[in-house]
Amino acid sequence: MDLTRASLLREMLTGTELGSRTTEFGYSLRRFTTRRSGLMLFGPVDDEPWHLTAHLDDELHRAGIEDMRPSLVRWAPPPDAPPHLAIGLDRLRDSGRGESLLVVAEDNPAPPLLERISDVRRRGTTIFSIGNGDSELTSLSHEALVPEVLVPDGFGWTSRQVEYDHDEPQSALTEVETQTTEGFEMTQHLVSLAAADEEAGRAGWRRRLRTAIERLSGEPA
């Protein structure tokens, strides 16, 4: 998904449940990451969040927000890795207040991952997560995001995870994106755009007012 299509998708989702949730999540990342280089991304050993790290870095750099460029924390970086890909678990032990750890785990997290997150939380770091609703990860998170969207169910609107079946007819969302687009990928693009949004740095009441207006004007009843 390129920047143009991601931006178009975000515009389409203005006022919807998914649009509001991803926007507020991205804004919170900005609000609670107050130390320079204090945004860390972390995930399962076999599925480290390269994708989101790269997109966040691109969007924040494009917006001129250089003091919040993210760091990918890796379980076992190789000795010859370049500096930006050589950040290991020691970084978690050095974390503290004013920093944020964004955990991306599409599957239920394994105990070693949960233990690391718990240690970081005890140090005063704010924990964000994008996951599948796993209760343990959610309980460790100060703010959790489970990719889902309101869709018509024949009797009104219902909430479902953002996953697309190749046999389903195209909806308003899949007309913009192909049916092979995964909900996690789409959500990560939306969070990246929101974190770099100029409005993310404005006073909290302005954000809350805009969210209320969007909900009143655009969200299905």
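1. A salt bridge here is a side-chain nitrogen of Lys or Arg within 4 Å of a carboxyl oxygen of Asp or Glu. Searching the whole structure gives eight salt bridges. Three of them are taken up below.

2. This is a predicted model: local features need pLDDT of at least 70, side-chain atom pairs count only at pLDDT 80 or more, and totals for chains, interfaces and linings use all residues. Residues are numbered from 1 along each chain as its sequence is written, and side-chain values use heavy atoms, with hydrogens and water left out.

3. Asp 57 and Arg 69 form a salt bridge, 2.5 Å from N to O. This pair links distant parts of the chain, 12 residues apart. Asp 57 sits in helix H3 (residues 50-62), and Arg 69 in the loop between H3 and strand S2 (71-72). Helices (H or I, at least four residues) and strands (E, at least two) are DSSP runs, numbered from the N terminus.

4. On accessibility, buried means under 20% relative accessible area, exposed over 50%, and partly exposed in between (1.4 Å probe, protein chains only). Asp 57 has 21%, so it counts as partly exposed. Arg 69 is also partly exposed, at 25%.

5. Arg 62 pairs with Glu 59 in a salt bridge; their closest N and O atoms are 3.1 Å apart. Both lie in helix H3, three residues apart, so about one helical turn separates them. Arg 62 is exposed at 52%, whereas Glu 59 is buried at 12%.

6. Arg 91 and Glu 99 meet in a salt bridge with an N to O distance of 2.6 Å. Both residues are buried. Salt bridges with shared partners join Arg 35, Arg 91 and Glu 99 into one network.
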